[in-house]
Amino acid sequence: MIDPKIRTLVTLSELGSYTKTAEALSLTQPAVSHHIRLLEQEFGISIFVKGKRKLKPTPEGVILLKFAHRAIALSQKVHQEIDDYRREARSLTVGITPTASDILVPQVLAAYCNQHPKVRIQIVRGTIKKIDSMLRFYEIDFAIVDGMIKNSTSRSILLGTDYLCLVVAPDHPFARRQSVTLEEMRQEKLVLRLKNAETRKLFEGYLYSHGYSLADFHVMMEIDSVSTIKEIVAANLGISVISHSVCREEERRGELVVVPIENCRMLREINLIYPEDFPYPEMLQELHAEYAKRQ
């Protein structure tokens, strides 16, 4: 169903190398180049900027790549839908941001699958920017994110709200405090999420609004995994600012202590994002109800 030239284009864009693309698709390198030339002739454009060591698409190439990704995703979806029909099943791919994957979301989806045995869900993790792109390209059916995705083709359901909090080990001096100030936090070793994490951006925005920047603090480590951050803090090797929903269990078990930051309010949303034409609206309402039940 998909023109082989389109698969070649998308693979080349992802791998950034004619040699690697040829190996991945079991083609010769001249065949890869020929596919790209044919596409350029068909659309009357240059797909990649000439003379660049690193492959960079032209503005016209960006447009072609957008629809190429979408065409491949739709082709895969057609095959999956036909297979599901034959098996009387339903297969869905859900995009989740890293923080969302560390809270109730996987349990909510698992509970739904238990209630609907013919439903199979595949979870993919990514930044909110990546999730937005996958929604636009039809590579995922819907998404659950910490934050918001705003585009003209998507709708949203607010699942719940959360807030960022300071967490420390039980034997850290802050654990016995009613609250701490930002100035006091400057003296501590911070373990934070990576720069592209929505919780990290929220914390940086809060600092900026109070006359600080992250450069004023001692950031010891930056880690993508929330679970690893919690382990490091629990071992009293640093402190962190993370989503409260991801540390409730550790707080309840006494492994982590949540300490208020003076005059601090860092609220965030957990949203379910779905395309306008999502075919199972009743599923979204059931997920909403299941999430509310588990908060």
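User: Why are helix 6 and helix 12 called oblique to each other?

Analyst: First, a word on the source: this is a predicted model, where local features need pLDDT of at least 70, side-chain atom pairs count only at pLDDT 80 or more, and totals for chains, interfaces and linings use all residues. Residues are numbered from 1 along each chain as its sequence is written, and side-chain values use heavy atoms, with hydrogens and water left out. Now, the axes of helix 6 (residues 105-115) and helix 12 (residues 281-294) cross at roughly 125°. Angles under 35 degrees count as roughly parallel, over 145 as roughly antiparallel, 65 to 115 as roughly perpendicular and the rest as oblique. So helix 6 and helix 12 are oblique.

User: How do you know that helix 1 and helix 2 are oblique to each other?

Analyst: The axes of helix 1 (residues 4-15) and helix 2 (residues 18-25) cross at roughly 130°, so oblique is the word here too. The crossing is right-handed.

User: What makes Ser 17 count as buried?

Analyst: Buried means under 20% relative accessible area (exposed is over 50%, partly exposed in between, with a 1.4 Å probe and protein chains only). Ser 17 has 19% relative accessibility, so Ser 17 counts as buried. You'll find Ser 17 in the loop between helix 1 and helix 2.

User: Which residues is Ser 17 in contact with, leaving aside its neighbours within four places in sequence?

Analyst: Those are Leu 12 and Leu 55, where contact means heavy atoms within 4.5 Å.

Key:
Axes are lines fitted to C-alpha atoms, for helices over the stretch in contact, and angles run from 0 to 180 degrees between N-to-C directions. Helices (H or I, at least four residues) and strands (E, at least two) are DSSP runs, numbered from the N terminus. A crossing is left-handed if the near helix is turned anticlockwise from the far one by less than a right angle, and right-handed if clockwise.
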